Amino acid sequence: DLWEYDINLSDSERESLLRQLWEMGDAEFNYYFQKENCAYQIEKLLDIAKSNQNTFNNYRFTYAPIDLLKFVVRDKESIEKNPIYRPSLWNQIRFQIQEMNEEEKELFFNIVSNINDTNVSSELFQIKKDEVEKKVENEKVISALLDFYRYKYPDPEILNLNENYFQLLRLQTKMETPQKTSELNKINYFDAPHNAHSSSRVLIGYGNSSYGNFMETGIRVAYHDILNKSNGLLSNSEIQFLNVQIRNYENKKPEITSINLVRLLSLTPYNSLSKKFSYLIDIGSQTVTFKETEVRKQVGNIDLMAGYSFAREFSNGFNFGNISLLVGAKSQTNSEFRQGMRYGPQGGINYTIEIGDFKVLWFASYAYLNPSKNENHFQNSLKLRYAISPDHELRLEFTSHPHYNETLFAYHLLF
């Protein structure tokens, strides 16, 4: 999706901006994902236009486009009007399917199922041409099919060679009231990116465990986890860099409970149109309780998993959530393990549902680690989030591991 914002600049500010762009010409810059990225360069241009008024905070760990946008929109005089929403081709298709009745949906998916890597089946559009034209004489189905063709064949040269695409265009010209995709875009401006949560986070919490009571603090440099409020972001995704959690158990030294150097998670629902798969990449460290010594030690950890997610993506009814099935491998290193590490295949199931300001996540996994002559590992966790606002959250978490269980209540502040 694209969201377009008109920035309110005076004549002198606009002239300063244009002069700077002219002077830059074909200048090139190195791109660094965390900071000196597209948002960083735009901020510098706005800073010049606004006469060096420090448009953004130069001391941030990251320069996320959303954070810059939130900063600019915070000054209501900087934006001339509501943003213009330009949905992606995929969302145009999704909006149109949601507007169809059950008979129209069945017809649409039956036709889509006959589209192979090169064309629509000749039987559907040639042998039964009269029957198809009678059934497809519906502006919703035709418009959605045309958009699906554009989605499936993004290269115009390939698309323009498809005879059945032009046949659908001819059918659309016969419609008295052709479908207008713009009428289907149910814009909720609270979903605009400037209403998304901030990217950095700190937390403080109190919990009880098999190891005793504890206080927990944490910080995340960037950007988003799956329990964060999803307004302005993808609800089934997660991208975290340098997420660190520290605990202090009663009468014990503080421990670094977990570190996510990089954690990437995508649980996009699978369907017959996009056919996307889900995946998890988690690189960092965790804390494990060892049965023999009953002590907790930090271990290096890598999780790699892939699979599929399922949801009622095209329904306007009640949201039953998103369920994911993942398989992959787990590897951990520590001198307490036999041979200094343990590894093996693992499988997991994940379920999420978001209703208003509440979101529930349940995750269970089992790792078969006998190939490394170590004890197998399981995890079972249930987490509940209540969003006071996009930048203020309360979370209640229940987690179970071998030889260790815990409950944690925490407050999360995003900034």
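Helices (H or I, at least four residues) and strands (E, at least two) are DSSP runs, numbered from the N terminus. This is a predicted model, in which local features need pLDDT of at least 70 and side-chain atom pairs count only at pLDDT 80 or more, while totals for chains, interfaces and linings use all residues. Residues are numbered from 1 along each chain as its sequence is written, and side-chain values use heavy atoms, leaving out hydrogens and water.

**Exercise 1. Describe how α5 and α8 cross.**

Step 1. Two packed helices are described by the angle between their axes and the distance between the axes. Axes are lines fitted to C-alpha atoms, for helices over the stretch in contact, with angles from 0 to 180 degrees between N-to-C directions.

Step 2. The axes of α5 (residues 102-113) and α8 (residues 139-152) come within 10 Å and cross at roughly 30°.

Step 3. Angles under 35 degrees count as roughly parallel, over 145 as roughly antiparallel, 65 to 115 as roughly perpendicular and the rest as oblique. Therefore α5 and α8 are roughly parallel to each other.

Step 4. Now list the contact: Glu-104, Leu-107, Phe-108, Ile-111 and Val-112 of α5 meet Lys-140, Val-141, Ala-144, Leu-145 and Phe-148 of α8.

**Exercise 2. Trace the barrel: how many strands does the closed barrel have?**

Step 1. Two strands pair if DSSP finds at least two bridges between them.

Step 2. Follow the order β3-β4-β5-β6-β7-β8-β9-β10-β11-β12-β13-β14: this closed barrel has 12 strands with antiparallel pairing. Neighbouring strands of the sheet are turned by 20° against each other on average, direction ignored.

Step 3. Check some pairs. Antiparallel strands β7 (residues 278-290) and β8 (residues 295-310) are joined by 13 bridges, and Ile-281 has Leu-304 in β8 as its bridge partner.

Step 4. Continue to β9 (residues 322-333), which pairs with β8 over 11 bridges; here Phe-310 stands opposite Ile-323.

Key: Contact = heavy atoms within 4.5 Å.
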